[in-house]
Amino acid sequence: MIAKGASEINDKPIPENMTAWLAFHMLRGSRQIGYGTLSPIPFSEIMSYCTHIGLDDAIERQRLAKFIMALDSTEREHYGNSQS
């Protein structure tokens with residue numbers, strides 16, 4: 001993974017992280033919108049996605065979930081800041 005703040009906006013994802021990027025983009029629509037804010041991607045949706053792609057290894061599931069939750073948090077923070 002890339003350290004926080006180390007990547008420029010126009011940099012491409014690292015090939016090893018493409019699974020997480022694809023998962024994040026597929027799961028973005030599973031958030032609920034309410035009171036003008038975005039809810040986080042449900043953990044159950046992340047685990048369902050892991051099952052869907054056949055990701056059975058517990059460590060790899062945890063790694064993917066952490067990556068998706070970090071991307072989700074950053075996007076929600078940006079969305080919240082842009083609404084101010």
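What share of the contacts in the protein with a separation of 6 or more comes from residues 24 or more positions apart? The figure is 52%. A contact here means heavy atoms within 4.5 Å.

This is a predicted model, in which local features need pLDDT of at least 70 and side-chain atom pairs count only at pLDDT 80 or more, while totals for chains, interfaces and linings use all residues. Residues are numbered from 1 along each chain as its sequence is written, and side-chain values use heavy atoms, with hydrogens and water left out.

Start with the overall layout. The protein has three helices and two strands. Read from the N terminus, the order is α-β-β-α-α. These elements are DSSP runs, numbered from the N terminus: helices are H or I with at least four residues, and strands are E with at least two. The accessible surface comes to about 6,300 Å². Carbon and sulfur atoms hold 56% of that surface. The areas come from the Shrake-Rupley method with a 1.4 Å probe; for residues, only the protein chains shown count as cover.

Now look at what is covered. Of the 84 residues, 24% count as buried. Buried means under 20% relative accessible area, exposed means over 50%, and partly exposed lies in between (1.4 Å probe, protein chains only).

Helix α1 spans residues 18–27. Its buried residues are Ala20, Ala23, Phe24 and Leu27. Look down the axis of α1: these buried residues fall within an arc of 100°, so they line one face of the helix. The arc is that of the directions from the helix axis to the C-beta atoms. The spacing follows a general rule. An α-helix has 3.6 residues a turn, so residues three or four places apart point the same way.

Helix α2 covers residues 43–53, and its buried residues are Ile46, Met47, Tyr49 and Cys50. Down the axis of α2, the buried residues fall within an arc of 155°, so they too line one face of the helix. The face turned away from that buried side carries the exposed residues Thr51 and His52. Just after α2 comes glycine 54, with a positive phi of about 80°.

Next, the charges. Side chains of opposite charge can pair when their charged atoms come close. A salt bridge is a side-chain nitrogen of Lys or Arg within 4 Å of a carboxyl oxygen of Asp or Glu. By this rule the count is four.

Which residue forms a salt bridge with glutamate 75? The partner is arginine 28, with the closest N and O atoms 2.6 Å apart. This pair links distant parts of the chain: glutamate 75 sits in helix α3 (residues 58–83), arginine 28 in the loop between α1 and β1 (33–34), and they are 47 residues apart. Glutamate 75 is partly exposed at 22% relative accessible area, and arginine 28 is partly exposed at 33%.

Arginine 31 forms a salt bridge with aspartate 72, again with the closest N and O atoms 2.6 Å apart. Arginine 31 lies in the loop between α1 and β1 and aspartate 72 in helix α3, so the pair ties together parts that are 41 residues apart in sequence. Both arginine 31 and aspartate 72 are buried. For aspartate 72, the relative accessibility is 2%.

Aspartate 72 also forms a salt bridge with arginine 76, where the closest N and O atoms are 3.3 Å apart. These two residues are four residues apart in helix α3, about one helical turn. Arginine 76 is partly exposed, at 26%.

Arg28, Arg31, Asp72, Glu75 and Arg76 are linked in a network of salt bridges.
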